[in-house]
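Here is a walk through a structure, one step at a time. Keep the 3D view open and follow along.

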Amino acid sequence: MELTRREMLKIMAATGAVALWPKWATDAHAARRIVAYKGEQAATVRKVVEELGGIKKFIAKGDKVVIKPNMGFAVPPLRSSNTDPIVIRTLAELVLEAGAKSVQILDNPVHPIAMCKLRNGIAKELEDLDDVYIDLVKDEKFFADVAIPHGRKLKRTRVLRAILEADAVINAPMAKSHGGSIVSFSLKNWMGAIKNRIEWHRDINLHQAIADFATYIKPKFTILDATRALTTGGPGGPGEIKHLQTIIGGLDQVAIDSFAVGLATWNGKSYQPADIPHIKLAAEQGVGSMDLSGLITLTV
Amino acid sequence: MSLRRAFQLVFLLLFFALIALTTFPLKVHLPVDLFLRMDPLLILGASLAARTLVAGFAAAVVVLGATALVGRFFCGWICPLGTTIELADDVLYKRRKRRWRNHERVARWLKYVNLLIILVAAAIGYGLSFLLDPIALFTRTMTYLVYPAAVLLSNLGLDIIRPVALEADWTSLYYANLHQPLFSAGSLAVAAVFVTIIMLNRLQRRFWCRSLCPLGGLLALAARLSPVRRVVGAGCDHDGKCKRVCETGAIDDDEFQYDPAECILCWRCVKDCHLQVNEFTLRSPMPRLTQPLDLNRRRLLTGLAGGAFGALLFHGSPARVVMSDRMIRPPGALPEDDFRKRCIRCGQCVKACPTNTLQPDWTEGGLEGLWAPLHNMRLAGCDQGCNVCGQVCPTGAIRPLPLPEKRYAKVGTAVIDQQRCIVWAEDKFCLVCDEACPYNAIYFVEQEKGKRRPFVDRTRCNGCGLCESLCPVAAEGAIIVKPDGQIRLEEGRYTAEAKRRGFKFEEGGAVDEVYSEYPVE
């Protein structure tokens, strides 16, 4: 077989590329990979985290960890407006098993704090865990102003102090339809970590604000609860609940959201990831990738 | 500490505790309105005005009956306002010279006039007892003033230790923050009444109780029937101690005579007499009362005229006929006229309301609506899994409704202001009201091509106000609940009335079951 010099150079380059394939490129792939399992909540969350590399990859001994679920609606778990209490519990258990010093589970609720606590069932589900603190926080004094350097429209906003000060932050949203942002998955969940939501609704484009904030916030990983997705009437419900029985995990929130878009119809319509402006904008702004090829590990 | 003071403190603490426990979710076995229900003036006033016996009046009958047997024990041993006046007097005025000496009878008749005004107005059909009844006004002082102030102070205290908690990793303490109830200027007027009552001690100790308290007047009338009387035995040296220490100045100048209508059984004359010649004992046959009732023809007429005038003030007020668009009463509130007759402005509903949407009225309802509960939907919506306001109302001005009934007790209807709504006026994309609505009462219709506009389905809106509370338009918002369409029933089922009018407020099966764990029915 004769090789032209050009072909020879190509092979050499390819060989070199494989030999010298940098670790960061593999890591980059791992960082993009998302995992989705179907099954019962606690075991599935554990499997997903294991598949992402295990909890120890994200949480170090002695870390102060913040988990940010959806828990801002004063409705019982069956309404699917809040992340399922068992999913939150399992995440808290994992974090504690990794040797974390404490776990704070925080949200800035839409409904009155007392009513959320009464109905969302989360404190009850987690009451026997030590070093776990569940708090719903609305008051100005628990937020701090931050700059969003890569935001297009959103330049500053006030964020939960605990999130800024945590060693590790975990995003634990619920899969919901949403009247304003079409869907509410990983990216949209961060609206519960900031103080001034009215500004996002009223003064800047909601989708742009969500994407802008995603350029700022860096969770260690995300677990999207799509076990009982609220496919209509979200985010507060009541609405149709589709038992997808799926937990999706990953590091790339754009990829997770892009995948979740295809799991169901949202308010009765099918969407492509690029149809959801905040997902598209987040991808454009480099938060993650909408291209799912070769990323998903899905086990039924 | 005397036995009486111990009793007083126990009842005062019980009073505070019951107000603190007037909260959602309510523990059903606790009679949080106990003190209000013990008050015969409130029960009598509300029953008379409403021409019906207010439910749960037994405790009041007991108090009145027992007073006729032994005298004004309620004033001396139980009344939380009386105790507070004494405690404040001990601290503030005890060492100061008073305007009048202790046994001087200064305008004692005023309390009967106050009583008459209330009863006459009630007989005509207007509820005035809320203004001066001691239990109503003291409860109101707690719910509208002391409670929010206590929350404010607690939060300030917590703010001070918050940095320490953060450093020490006491996370629970770091996030400890009480929900601050917000109240209108009406609280200031409540404060003014209370402070005045305390300052009256400058004139005489417990001046309020002696001369002004209408409940004291009612109990004084009953106490005149009591066969238990103070007797001064042989050997009295007339040193005048008893008449100086008597809490209400009930003992006459000569130390022998006293007025059972004024005596609150404080026992000071018995305890402090250095000869121990004072005693209370059953007298048979009953001695003739030496003090005539402090009511002459002129005073009687003053009371009658005052009551009639008070009733006229209410009757003649335009606010009785013309309702303000802001007058959203709590769900289950009786029809407006009946509601005002019964509501004693104790503020228990406002205190218990978990979202703070219930507010004491200050300007909307005129004088006769003063301090009565109103919704401020802009502050918060009415939680659809809560029915606590009706559960804590002592007079049934708000009916105690099971949750499904409460949900159908429509308080008003949301109206979209198309001039201000950012979807209508600015073509912005917004559907916060639609999201917030628990009953899907907001729907969108395409008006021009590509322009979908929100509307309210009046048959599905029960006026809960969640939309109003969340509307992103500044100040008043662009969707406002107005009283139009409200269902106010004296009796009967709201579900039936709603059905008759073609209303339907349903969330769906499972939810109702889960909600029902919490409310008290």
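Helices (H or I, at least four residues) and strands (E, at least two) are DSSP runs, numbered from the N terminus. This is a predicted model, in which local features need pLDDT of at least 70, side-chain atom pairs count only at pLDDT 80 or more, and totals for chains, interfaces and linings use all residues. Residues are numbered from 1 along each chain as its sequence is written, while chains are lettered from A and ligands numbered from 1 in the order in which they are written.

Start with chain B as a whole. Chain B has 26 helices and eight strands. Its C-alpha trace spans about 100 × 60 × 40 Å along the principal axes. A residue is buried if 20 or more other C-beta atoms lie within 10 Å of its own, exposed if 12 or fewer, and partly exposed in between; C-beta atoms are placed from the backbone. By that rule, 49% of the 521 residues of chain B count as buried. Two residues are in contact if their C-beta atoms, placed from the backbone, lie within 7 Å. Take the contacts in chain B with a separation of 6 or more: residues 24 or more positions apart account for 77% of them.

Now divide chain B. Domain bounds here come from an automatic or database domain assignment. That assignment gives domain 1 (3-150 + 185-282) and domain 2 (330-515) of chain B. Their centres, taken over C-alpha atoms, are separated by 39 Å. The contact takes 29 residues from domain 1 of chain B and 25 residues from domain 2 of chain B. On the domain 1 side, α2, α3 (40-50), α8 (129-132) and α9 (134-167) of chain B each supply at least two residues. Of these, α9(B) gives the most to that side, with six residues. Sort that side by class: Ala, Val, Leu, Ile, Met, Phe, Trp, Tyr, Cys and Pro count as nonpolar, Asp, Glu, Lys and Arg as charged, and the others, Gly among them, as polar. The side of domain 1 of chain B that touches domain 2 of chain B then has 17 nonpolar, eight polar and four charged residues.

Next, look inside. A nonpolar core is a set of buried Ala, Val, Leu, Ile, Met, Phe, Trp, Tyr and Cys residues joined through C-beta atoms within 7 Å. The largest such core has 138 residues, and those with the most contacts inside it are Cys349(B), Cys389(B) and Cys467(B). Helix α7 (residues 110-124) of chain B gives the most to this core, with 10 residues. Where does this core lie? Domain 1 and domain 2 of chain B both give residues to this core, so it lies between them. Zoom in on Cys349(B). Leaving aside neighbours within four places in sequence, Cys349(B) has contacts that include Leu358(B), Cys389(B) and Ile398(B).

Move to the strands β6 (residues 442-448) and β7 (residues 451-456) of chain B. These strands run antiparallel and are joined by six bridges; two strands pair if DSSP finds at least two bridges between them. Phe444(B) stands opposite Pro454(B) in β7(B). The hairpin has two residues between the strands, and Gly450(B) there takes a positive phi near 75°.

Some backbone angles deserve a look. Most residues other than glycine have a negative phi, and most peptide bonds are trans. Trp371(B) has a positive phi of about 65° although it is not a glycine. Find Trp371(B) in the loop between β3 (358-360) and β4 (373-375) of chain B. Is Trp371(B) buried or exposed? Trp371(B) is buried, because 28 other C-beta atoms lie within 10 Å. Ala107(B) also has a positive phi, near 50°. Ala107(B) counts as partly exposed, with 15 C-beta neighbours inside 10 Å. The peptide bond from Phe24(B) to Pro25(B) is cis, with omega near 0°. Pro25(B) sits in the loop between α1 (3-20) and α2 (34-37) of chain B.

Finally, turn to chain A. Here 25 residues of chain A are in contact with 26 residues of chain B. On the side of chain B, the largest share, four residues, comes from α23(B). In chain A, eight of the nine residues of helix α10 (residues 206-214) are buried, so this helix is largely enclosed by the rest of the structure. What covers the buried residues of α10(A) includes α9 (197-202) and α11 (253-261) of chain A.
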